[in-house]
Each structure stands twice: as structure tokens, then as C-alpha cells.
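Welcome! Please take a look at the model below, and then we will walk through it together.

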Amino acid sequence: MSGLKKFLLSFVIFATICFFGLKWYVNAEVDKELTRAVADTPGLALSYADLSVDITAHTVTLKRVDALFPSGQHVQADSVSISAFDRKNPIPHYATISAKGLTIPVTPQNFGEWAGYIKGLGIETLFGDGVLDYAYDPETKILELKDLSMDDPKLGALKLTGSLDNLNLTGFRPEQSFALGIRKAVLTFDNRELMRLLGADWAKRTGASESVTLDRIGTELDGLAAYAETQANEPAREAMLGLKTFLNDPGTLTVSANPAESVPVLYFFMGRDLFENLDLLNIHVDTDPADGI
């Protein structure tokens, strides 16, 4: 073997040892820091079967995750990938996290007062994939929610994006929630099985067939749309008719809020009715038929 070939072979072996040595070191350091972060958060419990770091993608991936949050919420996941996370602030100012194979039991801790109703639909657990991606600017006090989503293969996919202002994450207190301002928001829902379950539940409660129940709801929505028209409230009229279209053909529903200026949350507790709030937020509703999904 020539000297050049020996050199190249030696270099390859050396580079391989360095790469796997660096990977082992990075994985060990991340695991240590993650353990420390969990220990420093009262009430947080986190366990996982494996941890890996993709240096080139700047991503930490945890396998077979079990998390119990201080609020009592309990979730599990086949894998969780973290590509961005703020470790400097008690309430992180940014995070980009995705999860595969999420398992979320329907409990009061996870869903609050909605847990009983959801269980009444025959849903004991939500399964699927989820994403949380947001960034907060302490200078402008604006939080940009880039993606908050949950995709359950059986029930449907829900995604929320938007922007809030007048938010102080650095010294946050619950009573400050009333000062929050809604700058924009978009909620998208792709239906699979959920609307069928809701339709059956509504029919059961009214004692009529599903078709009769939906006809009655549609008639009520027509009446509300007509009333909104008499008030020259186009956002409310459009919302009522959009909901009727979606109920009759539950494919994809998109509800967007595009107010002319930020709307303080406190406004919703000052005696305004639903129609006034829809107009204030400049609500728009768009639908796509089920076969368009």
C-alpha cells in the first residue's frame, strides 16, 4: 500500500473516531442539561428511553417520551424533536417542538371542563402528531404563534396560528391575561370522524334523527345570518353561512380573525354580544368540501 493510501485510510479512521466521539459527547452533555432543566422545574417529570442529537440539523430527538407537567397534564409520545428552545427564561421565549405518536388521555387535567363532554362522544384518548412553534419578542411584547397543531388520524387535524401583543412573559401574572391583544389568528380544522360523532350526539340530545337535527341547526344559522344582515354586520353574516355550509359538508373549515387593529381580550367581557365580537375581530369563514381534502 502506497504512502498516500495509508495516509487516506488513517485519516478516514481518525475522522470516524472523532465524529462518533463528538456525537457521544454532545449526546451526553445534552442529556445532562435536560436532566438538570427538568430538576429545576417544580412539578415537571420527564422520562425517555433514548436521546440523540443531530448536530447538522441542530435537533434533539427523544424516543418513547412520558411527560407530566406542573399543571397535572400528562402526555406520551413515540418521539419528540426539539429544534429550538429558550433555556434562559422561566417561561421560554421561543420553542420549536414536534411530536410523533402523541397519546393524550381525555382527563380533567388535560382538557379541563371539556373532558366529560369529550368522553361522552366515546373519545377516551387523542392520538396523532403535534407541533408547537412560537417566538416572543420582549422588546415589542408580541408573541408570534407560528404553529400549534394536533393531527389525529381518526378525528381530524386542528391548526392554530396567530399573533398576540401586550404580553409580558418575563414577569407574567395570570391577571395580565385581560390586557392581551389579539392581532390576528387563523384556525383550520380538517374533519375526519369528529363531525359525525358530534352530529350523533346532537341528534341524541334533541331526540330527532341526525338529518332533522342538522336541518334545524341550518335553519337557525340562516336566521342568524339574516339578522346580521339587518345590522350590516358582514363578518357575522358570513360566519353563520360558513358554519352552515361546513355542517352540511364537513370537509375543511378555516376561521380567520383580521382586525383593523389589535383587540384587547378585555373587550369580550364588556357586554358585547357574539355578533359584535365577530365584527370587532373581522372574522372570515372559508370552507372546502370533504372530497377536497
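Among contacts in the protein chain between residues at least 6 apart in sequence, what percentage join residues at least 24 apart? The value is 52%, where contact means heavy atoms within 4.5 Å.

This is a predicted model, in which local features need pLDDT of at least 70, side-chain atom pairs count only at pLDDT 80 or more, and totals for chains, interfaces and linings use all residues. Residues are numbered from 1 along each chain as its sequence is written, and side-chain values use heavy atoms, leaving out hydrogens and water.

The protein chain has 7 helices and 12 strands; these are DSSP runs numbered from the N terminus, with helices (H or I) of at least four residues and strands (E) of at least two. Of its 293 residues, 30% are buried, meaning under 20% relative accessible area with a 1.4 Å probe, protein chains only.

Now meet two residues from the chain.

| Residue | Element | Relative accessible area |
|---|---|---|
| Methionine 195 | helix 4 (residues 194–206) | 13% |
| Threonine 61 | strand 3 (residues 59–68) | 16% |

Methionine 195 counts as buried because its relative accessibility is 13%. Leaving aside neighbours within four places in sequence, methionine 195 contacts Phe189, Trp202, Phe246, Leu247 and Pro250. Leucine 247 is 52 residues away from methionine 195 in sequence, yet their C-alpha atoms are 7.9 Å apart in space.

Threonine 61 is buried too. With neighbours within four places in sequence set aside, its contacts are Asp50, Leu51, Ser52, Ser79, Val80 and Ser81. The side chains of threonine 61 and serine 81 also make a polar contact at 3.3 Å; such a contact is a pair of N or O atoms within 3.5 Å, and within protein one must be able to donate a hydrogen and the other to accept it, while residues adjacent in sequence count only if both atoms are side-chain atoms.

Note on methods: Buried means under 20% relative accessible area, exposed over 50%, partly exposed in between (1.4 Å probe, protein chains only).
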